[in-house]
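Colleague: I've got this one open on my screen and would like a close look at a single part of it. Pick a starting point and take me through it, then show me how it sits in the rest.

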Amino acid sequence: MQIEMVYAKGKAMGKPLMIIINPAAGKCKYRDGLAEALKILADAGYVPAIYFTERVGHATEIAAAYAGSYESVLVLGGDGTLGEVVAGLMTMEKRPRIGYIPIGTANDIARTFGLVKGDIIEGAKRFVTGKPFAFDTGKRNGGYFNYVAAFGAFTEVSYGTPQNLKNKFGQAAYMAGAAKAFTSLKPMHVRVEYDGGEFDGEVIYGGVNNSFSLGGTVDMPPDTVKLDDGLFELVLIKKLPGFGALVSLAAQVLTHHYDSEYLVIEKTSKAKFFFDEPMHLTLDGEESEALTQLDFEICPRAVEIIC
């Protein structure tokens with residue numbers, strides 16, 4: 001872990017600010033405008049301490065160990081980095097507010113909050129002038145996640161795309177992976193218990209989320225999703241009879257029509273998934289362990305994000 005200290009010019013004291021940077025995100029995008037962004041923060045009275053992540057899960061460790069000494073944490077990275085920071089903050093009783101400058105590839109949270117992707121200078125200005133928004137987050141077996149926990153078709157595209165390809169080709173790397181995934185859809189049997197209901201059948205995708213965007217491309221129903229209502233959106237895609245049905249469903253979803261017989265969207269504060277065999281999970285775009293049972297619970301208005 002590398003730490004740098006930057007002090008506000010002409011000020012002996014200031015507002016301590018923790019900055020967590022994922023240097024691998026977005027083709028090392030953090031270098032573009034960082035010096036000017038630090039000046040904006042310093043001129044606003046902040047005293048930044050910069051922490052660079054070195055591996056998967058490191059942002060969680062850094063946040064859990066050091067964020068308690070700060071009123072605010074500013075994250076430069078992708079949704080996975082932000083999710084790791086949130087997981088670290090959830091171990092605390094009193095949590096600092098979060099600023100987010102998205103420099104990753106998919107950036108679902110950026111789309112959800114209307115944040116400008118990749119503009120570090122604009123992100124610093126927004127952090128200084130923006131207002132915090134209380135945001136629901138999720139609890140799951142043995143930890144936390146920020147906005148999505150999912151399994152099945154296309155989730156492997158997010159965590160299975162090598163970082164070097166993400167850096168080189170950006171979102172095109174995801175799209176290429178999705179096209180390949182079309183040919184290997186494997187329905188799986190799952191039983192799901194949720195608020196006031198139960199589903200038992202074969203699906204190609206399932207999960208819970210709290211965002212307007214999934215995978216950087218698919219928009220959730222805007223009249224259904226509320227980021228601070230204490231409820232997940234439970235999403236299931238049932239087994240499809242053929243490739244044509246998949247193409248038709250994709251076209252419906254991309255044009256914001258969600259009334260397909262193969263699509264289940266329910267609001268719930270908790271959910272339990274039971275599988276016949278261990279299933280891998282993706283949390284905020286990063287791979288997790290394989291389990292036969294997944295338990296999810298919403299944490300209402302658990303963190304504050306400046307937007």
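**Starting from one tyrosine**

Modeller: Let's start with Tyr66, which is partly exposed at 36% relative accessibility (under 20% is buried, over 50% exposed, and partly exposed is in between, with a 1.4 Å probe and protein chains only). Bear in mind that this is a predicted model, where local features need pLDDT of at least 70, side-chain atom pairs need 80 or more, and totals for chains, interfaces and linings use all residues. Residues are numbered from 1 along each chain as its sequence is written, and side-chain values use heavy atoms, with hydrogens and water left out.

The Tyr51 and Tyr66 pair is a tilted one, with 5.5 Å from centre to centre and 35 degrees between the planes. What does the pair link? Tyr51 sits in strand β3 (residues 46–52) and Tyr66 in helix α2 (residues 58–66), so distant parts of the chain are joined, 15 residues apart. As for the labels, helices (H or I, at least four residues) and strands (E, at least two) are DSSP runs numbered from the N terminus.

For a contrast in geometry, look at Phe273 and Phe296: their ring centres are 5.6 Å apart and their planes are at 75 degrees, so that pair is edge-to-face. Phe273 belongs to strand β15 (residues 270–283) and Phe296 to strand β16 (residues 286–306), so the pair ties together parts 23 residues apart in sequence. Phe273 and Phe296 are both buried. They also belong to one aromatic cluster, together with Phe145, Phe151, Phe232 and Phe275. While you're in β16, click on Arg301, which lies in that strand. Its phi is near 45 degrees, a positive value in a residue other than glycine.

Back to β3, the strand that holds Tyr51. β3 is among the elements that cover the buried residues of α1, and so are β2 (15–21), β4 (72–77) and α5. Which residues of α1 are buried? They are Leu34, Ala37, Leu38, Ile40, Leu41 and Ala42. Past the end of α1 comes Gly45, with a positive phi near 95 degrees.

The neighbour α5 deserves a look too. The axes of α1 (residues 34–43) and α5 (residues 120–129) come within 8 Å and cross at roughly 15 degrees; axes are lines fitted to C-alpha atoms, for helices over the stretch in contact, with angles from 0 to 180 degrees between N-to-C directions. The two helices are therefore roughly parallel to each other (under 35 degrees; over 145 is roughly antiparallel, 65 to 115 roughly perpendicular, the rest oblique). On the α1 side, Leu34, Glu36, Ala37, Ile40 and Leu41 meet Ile120, Ile121, Ala124, Lys125, Phe127 and Val128 of α5, where contact means heavy atoms within 4.5 Å.

Thr81 is worth a stop as well: it is in helix α3 (residues 79–89). Thr81 counts as buried, at 7% relative accessibility. Leaving out residues up to four places away in sequence, Thr81 touches Asn22, Ala59 and Val75.

Asp219, in strand β12 (residues 218–219), is partly exposed at 24% relative accessible area. With residues up to four places away left out, Asp219 touches Arg111, Phe212, His256 and Tyr258. Gly196, in the loop between β9 (188–194) and β10 (197–209), is exposed, with 91% relative accessible area. Gly196 and Lys267 are 71 residues apart in sequence, but 9.8 Å apart in space, C-alpha to C-alpha.

Zooming out, the protein chain has nine helices and 16 strands. Of its 307 residues, 52% are buried. Among contacts with a separation of 6 or more, 74% come from residues 24 or more positions apart.

Conventions
Rings of Phe, Tyr and Trp (its six-membered ring) pair if their centres lie within 6.5 Å; planes under 30 degrees apart count as stacked, over 60 as edge-to-face and the rest as tilted.
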